[in-house]
Amino acid sequence: MDEREDLKRYVEAHAGLMVVRGGGADNRAWNGIRYKTGLSGKNAGAQALSMNLATVPPGAIAYAHIHEGFEVMLFILEGRVRHDFGPELRYSVENEAGDFIYIEPGVPHEVFNIGPGPLVAVVARSAADEWDKIVDYPSRHRPSAAASDEGVSG
């Protein structure tokens, strides 16, 4: 079963309204972040939007990257996060549960779970293909490819 078919099995289709019950399955990972199956072009036919739930384990880092050509908005449900961002990741901002975050296209950023428990956030993207247009950005925290194939540190 390919990824598209796997994701579609979680969706209820109702004449133009799509539903994923219970927050979806926790079945995908990217760059140290676990994702529950949400809605995207891959399973709901969305043209320019995707949304899912992301969990970053305590002490983990989602290594520096850039969203190429799409916007991201986050709502922090649980935990504390620090984003190092901008050229050479020289700026930093901390957020916690209840905060909204907007990331412009092309802004380099690195995500650190700085709380004692998991960081949980709703993630909305102005791209139906989710993370297909994400480009790595240099980071002093990123281990060599041989040291880690999932991007989790901590």
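In this predicted model, Glu-88 sits in the loop between strand 8 (80-85) and strand 9 (91-96). The phi angle of Glu-88 is near 55°, a positive value in a residue other than glycine. Is Glu-88 buried or exposed? Its relative accessibility is 68%, so Glu-88 counts as exposed.

Ala-15 lies in the loop between strand 1 (11-14) and strand 2 (17-20). Its phi is near 45°, again in a residue other than glycine. Ala-15 is exposed, with a relative accessible area of 88%.

Look next at strand 8 and strand 11 (residues 109-113). They run antiparallel and are joined by five bridges. Val-81 stands opposite Asn-113 of strand 11. There is also a contact between a charge and a ring. Arg-82 lies over the face of Phe-112, at 4.1 Å from the ring centre.

In a regular strand the side chains alternate between the two faces of the sheet. Keep that in mind when you follow a strand in the 3D view.

**Aromatic pairs**

How many aromatic pairs does the structure hold? There are two. A pair of aromatic rings is described by the distance of the centres and the angle of the planes. The table gives both values.

| Pair | Centre to centre | Angle between planes | Type |
|---|---|---|---|
| Phe-75 and Phe-100 | 4.6 Å | 45° | tilted |
| Phe-85 and Tyr-91 | 5.7 Å | 40° | tilted |

The pair of Phe-75 and Phe-100 links distant parts of the chain. Phe-75 is in strand 7 and Phe-100 is in strand 10, 25 residues apart. Phe-75 has 26% relative accessibility and counts as partly exposed. Phe-100, at 66%, counts as exposed.

In the other pair, Phe-85 is partly exposed at 27% relative accessibility. Tyr-91 is partly exposed too, at 44%.

**The nonpolar core**

The largest nonpolar core has 21 residues. Which of them touch the most other members? The answer is Ile-33 and Leu-74. Five strands each supply at least two residues of this core: strand 4 (33-39), strand 5 (50-56), strand 7 (72-78), strand 10 (100-103) and strand 12 (119-125).

Ile-33 also has contacts that you can trace one by one. Leaving aside residues up to four places away in sequence, Ile-33 touches Arg-28, Ala-54, Thr-55, Val-56 and Ala-62.

**Strand 12 and its partners**

Five of its seven residues are buried, so strand 12 is largely enclosed by the rest of the structure. Strand 5 is joined to strand 12 by seven bridges, and the two run antiparallel. Val-56 has Leu-119 as its bridge partner in strand 12. Strand 7 pairs with strand 12 as well, over six bridges and in the antiparallel sense. Here Leu-74 stands opposite Val-123.

**Two residues of strand 5**

Asn-52 is found in strand 5. Asn-52 is buried, with a relative accessible area of 5%; the cut-off for buried is under 20%. Not counting residues up to four places away in sequence, Asn-52 touches several residues, including Arg-28, Tyr-35, Val-123, Glu-130 and Trp-131.

Met-51 is also found in strand 5. Its relative accessibility is 45%, so Met-51 counts as partly exposed. What does Met-51 touch, not counting residues up to four places away in sequence? The contacts are Gly-38, Leu-39, Val-122, Val-123 and Ala-124. Met-51 and Arg-125 are 74 residues apart in sequence, yet 6.3 Å apart in space, C-alpha to C-alpha.

Key. Residues are numbered from 1 along each chain as its sequence is written. This is a predicted model: local features need pLDDT of at least 70, side-chain atom pairs count only at pLDDT 80 or more; totals for chains, interfaces and linings use all residues. Side-chain values use heavy atoms; hydrogens and water are left out. Helices (H or I, at least four residues) and strands (E, at least two) are DSSP runs, numbered from the N terminus. Buried means under 20% relative accessible area, exposed over 50%, partly exposed in between (1.4 Å probe, protein chains only). Two strands pair if DSSP finds at least two bridges between them. A nonpolar core is a set of buried Ala, Val, Leu, Ile, Met, Phe, Trp, Tyr and Cys residues joined through side-chain atoms within 4.5 Å. Contact means heavy atoms within 4.5 Å. Rings of Phe, Tyr and Trp (its six-membered ring) pair if their centres lie within 6.5 Å; planes under 30 degrees apart count as stacked, over 60 as edge-to-face and the rest as tilted. A charge sits over a ring if NZ of Lys or CZ of Arg is within 6 Å of the ring centre and within 35 degrees of the ring normal.
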